[in-house]
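Colleague: I am new to this structure and would like to learn how to read it. Please take me through the features one at a time.

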Amino acid sequence: MKRRKFLKNSSLSTAGIFSASLLASCETDKKPQVVNKMIKPIVIATWDVLNATNKAWQVLNNAGTALDAVEQGVMIEEADINNQSVGKGGRPDRDGNVTLDACIMDKDSNCGAVLYLKNIVHPISVARKVMEETPHVMLAGKGAELFAYQKGFKKENLLTEKSKAEWLEWKKTSKYQPVINIENHDTIGMLAIDSKGDIAGACTTSGMAYKIGGRVGDSPIIGAGLFVDNEVGGATATGVGEEVVRTVGSFLIVELMRQGKTPQEACEEGVKRIISKNNEKLDFQIGFIAINKKGETGGYCIQPGFTYRVYSEQGHINKTASSYISS
Ligand code: SD4
């Protein structure tokens, strides 16, 4: 039974500017008409993930929900073996195991997550099943994997020859030195607004390369790697997850937007909070992106080099985020 059905849709009652016209459009099937011209679908994602934002935009453009858009969008990266930070082809932990983390959040503040999931190409879809078909928010490890099999997901080897060869090379020194914007490249966090004005988000990763077995970062942690409040907006993160977790980064950014900051200002404040908690130490990367209910976007990072993609009616843009350290 779908838990979401039991939850009240508070967003429609609070988003006054959209309410009456939207309720009318919600009742039509398949292709809802955008009665209120203020609502423009938009998708935003960490890094230069053209194929993923293209996919999400297709869903939005066909009057799909933001939730379907972000799920199907990030699935592109999960299946892409050339992205060695997400899904199949992800770099393993130091014992050679590829372990995946993902979470998803919808317009009604429902959320689902999987942590330390092995052998499944699409953790984001398992996270969605956790959200929609269990009374829980997070499933981890073997339990998450067994749950996935029960839901029909297939077992697959996630370690590609390329990632295996690199790991074997790394083992010769076993030095753990994350390299900014290389080792931490390509976790995908995605946020979307659909034609009804509803927001959803997804975040999925294979985590830090060569991490200690069992390590989980920010990406599957609601509030850290991802947060959505349909009354306000959404935020998602990439970079050194430990730093994002200890400042509850994405939640902070959404709360700053609730208090009136633009997505850009809120992302800057989120990054600066992390820097201040590290005594101004700047030798790691964090990147945040955010979107508000009006469809305004922002992105900010510590080190130069973080890009994000925006796809809206204006077309596709790959943006370079401004950074705390100027390039
Ligand atoms: C983590 N935030 O596991 C992730 C890593 C990341 O691109 O962003 N990689 O800490």
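**Reading the sheets and side chains**

Modeller: Strand 8 and strand 9 run antiparallel and are joined by 7 bridges. T238, for instance, has G287 in strand 9 as its bridge partner. This is a predicted model, in which local features need pLDDT of at least 70 and side-chain atom pairs count only at pLDDT 80 or more, while totals for chains, interfaces and linings use all residues. Residues are numbered from 1 along each chain as its sequence is written, and side-chain values use heavy atoms, with hydrogens and water left out.

Colleague: What counts as a strand, and what as a pair of strands?

Modeller: Strands of a sheet pair through backbone hydrogen bonds, either parallel or antiparallel. Helices (H or I, at least four residues) and strands (E, at least two) are DSSP runs, numbered from the N terminus. Two strands pair if DSSP finds at least two bridges between them. The protein chain here has 10 helices and 13 strands.

Colleague: Which order do the strands have in the open sheet of 5 strands?

Modeller: The order is 7-8-9-10-13, and the pairing is mixed. At the edges are strand 7 (226-229) and strand 13 (322-323), each pairing on one side only. Strand 9 and strand 10 are antiparallel, with 5 bridges, and I289 has G299 in strand 10 as its bridge partner. These two strands form a hairpin with 4 residues between them, and G295 in the turn has a positive phi of about 90 degrees. Strand 10 (residues 297-301) and strand 13, by contrast, run parallel and are joined by 2 bridges. There, Y300 is partnered with S322 in strand 13.

Colleague: Which helix packs on that sheet by touching strand 9, strand 10 and strand 13?

Modeller: Contact means heavy atoms within 4.5 Å. Axes are lines fitted to C-alpha atoms, for helices over the stretch in contact, and angles run from 0 to 180 degrees between N-to-C directions. Helix 10 (residues 263-276) touches those three strands, and its direction makes about 20 degrees with that of strand 10. Helix 9 (residues 249-258) lies across strand 7, strand 8 (233-239) and strand 9 (286-292), at about 145 degrees to strand 8.

Colleague: How many salt bridges does the structure hold?

Modeller: A salt bridge is a side-chain nitrogen of Lys or Arg within 4 Å of a carboxyl oxygen of Asp or Glu. The structure holds 18. One of them joins E71 and R128 (2.8 Å, N to O). This pair links distant parts of the chain, with E71 in helix 4 (residues 66-79) and R128 in helix 5 (residues 123-133), 57 residues apart. Another salt bridge joins K172 and E169, with the closest N and O atoms 3.0 Å apart. K172 is exposed, with a relative accessible area of 65%, whereas E169 is partly exposed at 48%.

Colleague: Is D198 buried or exposed?

Modeller: D198 is buried yet has no salt bridge. D198 lies in the loop between strand 5 (188-193) and strand 6. Its side chain makes a polar contact (a pair of N or O atoms within 3.5 Å; within protein, one must be able to donate a hydrogen and the other to accept it, and residues adjacent in sequence count only if both atoms are side-chain atoms) with the side chain of N230, at 2.9 Å.

Technical notes:
Buried < 20%, exposed > 50% of the residue type's maximum accessible area, 1.4 Å probe, protein only. Lys, Arg positive; Asp, Glu negative; His and termini not counted.
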